[in-house]
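Subject: A structure to look at, with notes

Dear colleague,

Please find below the structure that I promised to pass on to you. Have a look at it first, and then read the notes that follow.

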Amino acid sequence: INAEYMGGRGFAREPIPKKEISRQEVCPLLLRVFVKKSEHHNVEQFHNRATELVDDEVQIYTWKDATLLELTQLIQQVKPFAKERNVQLHFNLISPSKGKFAERHIGTVRAETSRRSEDDKKTLQDTTFETGDYLDVAVMAAA
């Protein structure tokens, strides 16, 4: 058994085989994404998200096989600063855990299409994402 710690949810079992998702037959889920320029949100802000994070929220209907690159492109449609040259989008998964929220970095995607990485292909399904979790995305200058 793989005893790798998984973001406050306990320990993972053997890797779960990737399920193929038919987007014609499976209903999309509502993914609440909170986007901020230059830094991540403080995890404590998620307790008061209805009042504190309203301006930063992007609601996306998608599937668990959505890649971080696909999510980046959707974010760029509504947050122009995410399209700027030399920026990276840093994705954190925010999950409820024992009355608190736990955060875990799941990947980084460059805004420029000419500079791709392995994280671009990572899907929500490849992470410990569960329906009801949030994504916190920091749009930062590339190093």
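Which residues are buried in helix α2 (residues 68-78)? They are Leu68, Leu69, Leu71, Thr72, Ile75 and Gln76, where buried means under 20% relative accessible area, exposed means over 50%, and partly exposed lies in between, with a 1.4 Å probe and protein chains only. Seen down the axis of α2, these buried residues fall within an arc of 155°, so they line one face of the helix; the arc is taken from the directions that lead from the helix axis to the C-beta atoms. The cover over the buried residues of α2 includes β1 (29-37), β2 (57-62), β3 (87-97), β4 (100-110) and β5 (134-141), with contact meaning heavy atoms within 4.5 Å.

Before going further, please keep in mind that this is a predicted model, in which local features need pLDDT of at least 70 and side-chain atom pairs count only at pLDDT 80 or more, while totals for chains, interfaces and linings use all residues. Residues are numbered from 1 along each chain as its sequence is written, and side-chain values use heavy atoms, with hydrogens and water left out.

Now to the chain as a whole. The protein chain has two helices and five strands, and from the N terminus on its elements follow the order β-α-β-α-β-β-β; helices (H or I, at least four residues) and strands (E, at least two) are DSSP runs, numbered from the N terminus. Of the 143 residues in the protein chain, 43% are buried. When contacts between residues at least 6 apart in sequence are considered, 66% of them join residues at least 24 apart.

The five strands form an open sheet in the order β2-β1-β5-β3-β4, with mixed pairing, and two strands are said to pair if DSSP finds at least two bridges between them. The edge strands are β2 and β4, each of which pairs on one side only. Strands β1 and β2 are antiparallel and share six bridges, and Leu29 has Thr62 in β2 as its bridge partner. Strands β1 and β5, by contrast, run parallel and are joined by six bridges, with Arg32 standing opposite Tyr134 in β5.

Two single residues also deserve a look. Asp133, in the loop between β4 and β5, is buried, with a relative accessible area of 3%. Its side chain and that of Ser95 are joined by a polar contact of 3.3 Å, a polar contact being a pair of N or O atoms within 3.5 Å, where within protein one atom must be able to donate a hydrogen and the other to accept it, and residues adjacent in sequence count only if both atoms are side-chain atoms. A polar atom of the Asp133 side chain also lies 2.9 Å from the backbone nitrogen of Glu130.

Thr108, in strand β4, counts as buried at 17% relative accessibility. The side chains of Thr108 and His105 make a polar contact (3.3 Å). Leaving aside residues up to four places away in sequence, Thr108 touches Gln88, Leu89, His90, Ser117, Asp119 and Asp120.
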